[in-house]
Amino acid sequence: VVAEELMGRKWRYHKIERCWLTRDETYPGPVDVDRGVSERGVYLLWDPASWKKVRVCLPSSLLDVVPL
């Protein structure tokens, strides 16, 4: 249920880092790397240890697109 709510709010799960993140809307859009399959961009990652969003640059090919 929680994963569905996060997906609805444009958050995605990073398979390698095992964390939730979303695009940082204050930065220019991601650059298409592989014809819609993957992209590299600036994202906000949720850090549960500090309970804050952290800005990172990651490829989205490592993101799940289905709820967990």
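Tryptophan 51 is exposed, with a relative accessible area of 62% (buried means under 20%, exposed over 50%, partly exposed in between; 1.4 Å probe, protein chains only). This residue sits in the loop between strand 4 (39-47) and strand 5 (52-59). Helices (H or I, at least four residues) and strands (E, at least two) are DSSP runs, numbered from the N terminus. Tryptophan 51 is not a glycine, yet has a positive phi of about 60°. Most residues other than glycine have a negative phi.

The model is predicted: local features need pLDDT of at least 70, side-chain atom pairs count only at pLDDT 80 or more, and totals for chains, interfaces and linings use all residues. Residues are numbered from 1 along each chain as its sequence is written, and side-chain values use heavy atoms, with hydrogens and water left out. Average pLDDT (the predictor's confidence in each residue, from 0 to 100) is 77 for the chain, and 71% of the residues score at least 70. Confidence is highest in helix 1, at 90, and lowest in strand 6 (residues 63-64), at a mean of 56. Where pLDDT is low, the predicted coordinates should not be read in detail.

Lysine 10 also has a positive phi, near 70°. This lysine lies in the loop between helix 1 (2-8) and strand 1 (12-14). Lysine 10 counts as exposed because its relative accessibility is 59%.

Two aromatic pairs were found in the whole structure. Rings of Phe, Tyr and Trp (its six-membered ring) pair if their centres lie within 6.5 Å; planes under 30 degrees apart count as stacked, over 60 as edge-to-face and the rest as tilted. Tyrosine 13 and tryptophan 20 have ring centres 5.4 Å apart and planes at 65°, so they pair edge-to-face. Both tyrosine 13 and tryptophan 20 are buried. Tryptophan 46 and tryptophan 51 also pair edge-to-face, because their planes stand at 75°, with centres 5.1 Å apart. Tryptophan 46 is partly exposed, at 27% relative accessible area.

Side chains of opposite charge can pair when their charged atoms come close. The count of salt bridges is two (a side-chain nitrogen of Lys or Arg within 4 Å of a carboxyl oxygen of Asp or Glu). Aspartate 24 bridges to arginine 55, with the closest N and O atoms 2.4 Å apart. This pair links distant parts of the chain, 31 residues apart: aspartate 24 is in the loop between strand 2 (19-23) and strand 3 (31-32), and arginine 55 is in strand 5. Aspartate 24 is buried, at 5% relative accessibility. Arginine 55 is partly exposed, at 45%. Glutamate 5 bridges to arginine 9, with the closest N and O atoms 2.7 Å apart. Glutamate 5 is partly exposed, at 44%, whereas arginine 9 is exposed, at 58%.
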